[in-house]
Amino acid sequence: MPLLTEDAKGVYVIAVTPFLDNGEIDWTSVDRMVDFYQEKGVTGLTILGQLGEAPKMTSDESKAIARRVLARAKVPVIVGVTAPGLAAMRELADTVMEMGAAGVMVAPPWTTRTDDQAYAFYASVGEALGTTPFVLQDYPLTTNVTIAPKVIDRIVREVPNCVMLKHEDWPGLGKISALRASSDKGETRRISILCGNGGLFLPEEMGRGADGAMTGFCYPEMMVGVVENYARGDVERAHDIFDAYLPLARYEQQQGLGLAARKYVLAKRGVISSAALRKPGASLSKLDIVDVERLLARQTKRLAEIGA
């Protein structure tokens, strides 16, 4: 599989990790999940992210998940390798790259507080990874680390194996505009920008110069539809598709509960056998399920209205 480059576009879906009700990894559902995402037209997969419950897995489990997904996937796979130290990060990165990963993703440590610290961390990441291309995960809502556009520009200029930004700042549309202005003026390389936050701002992000999405949602075909229509200039169609799915996407963005909702729908769609999160993790109440079912019914109605 080719390595990740600055030219990456499309939808790299953040994959869930399927578990059985007893907390063990559900390997049959892992295979079915990979097939499902590919059938829905995603450009690539991103595994072992925050919403893939990576922090709840052992090192051996992380490697086993990567091996299973990479053996089955026909699209590029990015692997989250964030770790408390550079040694552990590099060990996992080297392992998954040998397995055939396209690149890796790294989030900053929560102790990062200043611009110089943010730059120094990613300079160290670039050096530790050598020739391995990596994604800078910018998700301050989770990491509590804010990385200013000028710092990202510096990283892009001085760390050549940083080829993609996973943009999840909120509000963050101005950040995309600022980064694109820098590359348009020739002040920095133009790297790929794929956006997260469950796709909540995807049409606007595409309008600001994003190349696509890197996030999870129980209907990845929404993100594929938005990105593809935007790319061919049919902005209104992109918004129509987005509008039909927005209420459910919004529901998924609840901190602590959203992943449970996502897994519930994926189980309902037959993608995974169980909606279980590995402990500690939330589960939907009966009233939550009523909410989700209502949203699904209204979504079906809206999709019929727009012929999607």
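Biologist: Which residues line the second largest cavity?

Modeller: On a 1 Å grid over the protein atoms alone, a cavity is a set of points where a 1.4 Å probe fits but cannot get out, and lining residues have an atom within 4 Å of a point. Here, Ala15, Val16, Thr17, Pro18, Val30, Met33, Ile47, Leu48, Ile65 and Val69 line the second largest cavity. The elements that give two or more residues to this lining are α1 and α2. This is a predicted model, in which local features need pLDDT of at least 70 and side-chain atom pairs count only at pLDDT 80 or more, while totals for chains, interfaces and linings use all residues. Residues are numbered from 1 along each chain as its sequence is written, and side-chain values use heavy atoms, with hydrogens and water left out.

Biologist: How many residues of each class does the lining of the second largest cavity have?

Modeller: Ala, Val, Leu, Ile, Met, Phe, Trp, Tyr, Cys and Pro count as nonpolar, Asp, Glu, Lys and Arg as charged, and the others, Gly among them, as polar. The lining of the second largest cavity comprises 9 nonpolar residues, 1 polar and no charged.

Biologist: Which residues of α1 are buried?

Modeller: Buried means under 20% relative accessible area, exposed over 50%, and partly exposed in between (1.4 Å probe, protein chains only). Helices (H or I, at least four residues) and strands (E, at least two) are DSSP runs, numbered from the N terminus. Helix α1 covers residues 27–39, and its buried residues are Ser29, Val30, Asp31, Met33, Val34, Phe36, Tyr37 and Gln38. Their cover includes β1 (10–14), β2 (44–47), α2 (59–72), α9 (220–231) and α11 (258–268). After α1 comes Gly41, with a positive phi near 90 degrees.

Biologist: Where does Gln254 lie?

Modeller: Gln254 is found in the loop between α10 (235–252) and α11. Gln254 is partly exposed, at a relative accessible area of 33%. A polar atom of the Gln254 side chain lies 3.1 Å from the backbone oxygen of Tyr251.

Note on methods:
Expected span 1.5 Å × (residues − 1). Contact = heavy atoms within 4.5 Å. Polar contact = N/O pair within 3.5 Å; in protein donor to acceptor, adjacent residues only side chain to side chain. 1 Å grid on protein atoms, 1.4 Å probe; cavity = no way out; pocket = protein on both sides within 12 Å on 5 of 7 lines; lining within 4 Å.
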